[in-house]
Amino acid sequence: MKFTTSTLILLFGATLSLGWNIAGQVITEQGEGIPDVQISSFNYTGIAAVSDASGNFQLSNDPNSIQAISRKEMRVHFDGKFATLQNVNARVLKISLLDALGKVTFQQEFFNANGSLYLDLSRLSHSKNFLKISADGAGSVYALDHRGILKKAGDPLASLFFKKDGFEETMYQMKAEEEVGVKITLKVKGSSKPISSSSQSSSSSAEISSSSEIPDEPVNCATKTLKPGDYTKEVDGRKYIVHVPNTYTGSNAVPLLVDYHPIMGSAQGWASSKTYEAATLSDAVIIAYPDGATGGMGQAWNVGPCCTDADDITFSRHLIQELQNEACIDPKRIYAAGFSMGGGMSNYVACKMADVFAATAPASFDLAKEVVDAGECKPSRPISVLNFRGSQDGVVPYAGGYSSMVPGKPITFLGAQNNLKEWAKMNSCSGEPKDQGNGCVIYENCSAGVQVGLCTDKGGASCSGNGHDAGCAEIGWKFLKQFTKP
C-alpha cells in the first residue's frame, strides 16, 4: 500500500490512542450515589448513559475502549518515506488521509493485520493535512503542519452534562483521554442557590428601558440590593444564573462578565464550569450565565445563519439592564466571553453590542463567514477582541469551513487566522500582530487604543489545550480588564 507525502520529516514513535473514556459516580452533596442521572455530551452526538442504582456511570467514544485498555500498544515510526506500524493486532486496520476540513481524501483498510506493516508515504498526491490510523474503531489522528512535521493531534475531549429532575444540571469538561474515579456532585434544586422572587423579577423587568443604550452616569451603589451568592433569575422568559463573588461589597461599582454556554448547554450547566470565577475573584467581578433559546440541537444562540431564530441581542441587553438595576455594576466595564457556540455569541455581540461591551474573549468559535460577507458585522465603535482557538479543534476546525451540524441552519466558519484578520480590519489595526510569547499574538496599533488578538493552543483548565477548549481564563481576564468603554 502506497501513501503520500514528500514532506514528512520527523521520526518518532507514539502510542495509538484508544479514544477517551470516563468512569465515576454521581453523588449528592452528602456523598450518596444518585441513580438514573441522564448523561450526555454536546460535542459527541449520540453518546449517552444513565447512572446505575449506586450512581456509577461509564462513557466512551469507542465501545471497546474500556475493555481494550490493556491492549498491546501499537507503535508508529516515520523515516521520511515509510511509515512503520509495529505491534499491529487488529481485525480491521484503517489508514486515512484527511484535508484541513477533516474530509477523507484517501482511505485503505487492512483485515486481520498482525505484526508489522510498512507504508510508502512518498507517492500519493492527495490533499493531506491529517493522517488517521484506526484499529478496530479506536484511532489516533496525526497533523501535518506547514513545515511538514507530523505530530499527534487527537480528538477533542468530551463535555458532559448530568441531568436529573429535582437536581441542578451540572457540566463536566474532561481533561484527559482516560479518567476513572471521577466524582460528579449534583445539588438539590433550591438547596444552596437563593431564587429571585417573582415580585423582584417583575419589578426589575418593568424598569428596563426601551433604549438600547445603557445610561453612562455615576452608579448609586446605595440603591442596589444584590448580595454575594449564586442566584437563578429570569428575563424575557429565559433563565440566567448570576454569580456574585464574596469579594463584592456593594460599595463600589464592579465589572460584569456575561459568559455564554456551548450549544446543547444551559445556564445552569455552564455556571457549574466556573470557568472565569477564580481568575476574576480579586476584581469582584459579577458573572452572568444566560440560557440560550431552544433550537435544532437544544439550547443555542443566534449568530446569524445559525443556530436559532431568537433575538439574543435584545435578550442580552435586557439581562444586563436588569442586573444593573440590582447590582453595583460599572457600565464602562461590561465584558463577554463564551465557549464553543458561546464563543460564537461572544464574537457576535462584539459586532452588535459594542455600545455595551468594553471587550470580548471568545473561545473555540469564529465569526460566521455569512455575517462578514453580508456586511452585518459593523461595531458602533472600535472594540477589543481576543479569541482562543485550538489548532486541532475537531468541532470547529482551526482552518474554518462549512458546517451543517445543526439541521437546516448551516454555517461557514472563517477560520482562526481569517477571524483575526477580520477583527483587525474592522478595528483599523496596522502593522503585524505582536507575539506575546504564550501562544498569543495581538495587534496593538488599532483605532481608539483597542487591541485584537488570537491565542492558539491555550485552553482548558491547564491553559494548554489544542482541541475544542474553553480558553484560558487567566489570559482572557488579564486582556479584558485593560479596556473600558468610552
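A: Cys455 counts as buried, at 0% relative accessibility. Buried means under 20% relative accessible area, exposed over 50%, and partly exposed in between, with a 1.4 Å probe and protein chains only.

Q: What should I know about the model and its numbering?
A: This is a predicted model, in which local features need pLDDT of at least 70, side-chain atom pairs count only at pLDDT 80 or more, and totals for chains, interfaces and linings use all residues. Residues are numbered from 1 along each chain as its sequence is written, and side-chain values use heavy atoms, with hydrogens and water left out.

Q: Which cysteine forms a disulfide with Cys455?
A: Cys440 does, and the two sulfur atoms are 2.0 Å apart. A disulfide here is a pair of cysteine sulfur atoms within 2.5 Å. Cys440 lies in strand 26 and Cys455 in strand 27, so the pair ties together parts that are 15 residues apart in sequence. Helices (H or I, at least four residues) and strands (E, at least two) are DSSP runs, numbered from the N terminus.

Q: Is Cys440 buried or exposed?
A: Cys440 is buried, with a relative accessible area of 2%.

Q: Why is the disulfide of Cys440 and Cys455 called right-handed?
A: The torsion about its S-S bond is about 105°, so the disulfide is right-handed.

Q: How many disulfides are there by this rule?
A: The count comes to five. One of them joins Cys221 to Cys328, with an S to S distance of 1.8 Å. Cys221 is in the loop between helix 1 (198–206) and strand 14 (229–235), and Cys328 is in the loop between helix 4 (312–326) and strand 20 (329–339), so this pair ties together parts that are 107 residues apart in sequence.

Q: Changing topic, which residues are buried in helix 7?
A: In helix 7 (residues 416–426), the buried residues are Ala416, Asn419, Leu420, Trp423 and Ala424. Seen down the helix axis, they fall within an arc of 135°, so they line one face of helix 7. The arc is that of the directions from the helix axis to the C-beta atoms.

Q: What is on the other side of helix 7?
A: Lys421 and Lys425 are there, and both are exposed.

Q: And what covers the buried residues of helix 7?
A: The cover includes helix 5 (341–352), strand 22 (384–389), strand 26 (440–443) and strand 27 (452–456). Contact means heavy atoms within 4.5 Å.
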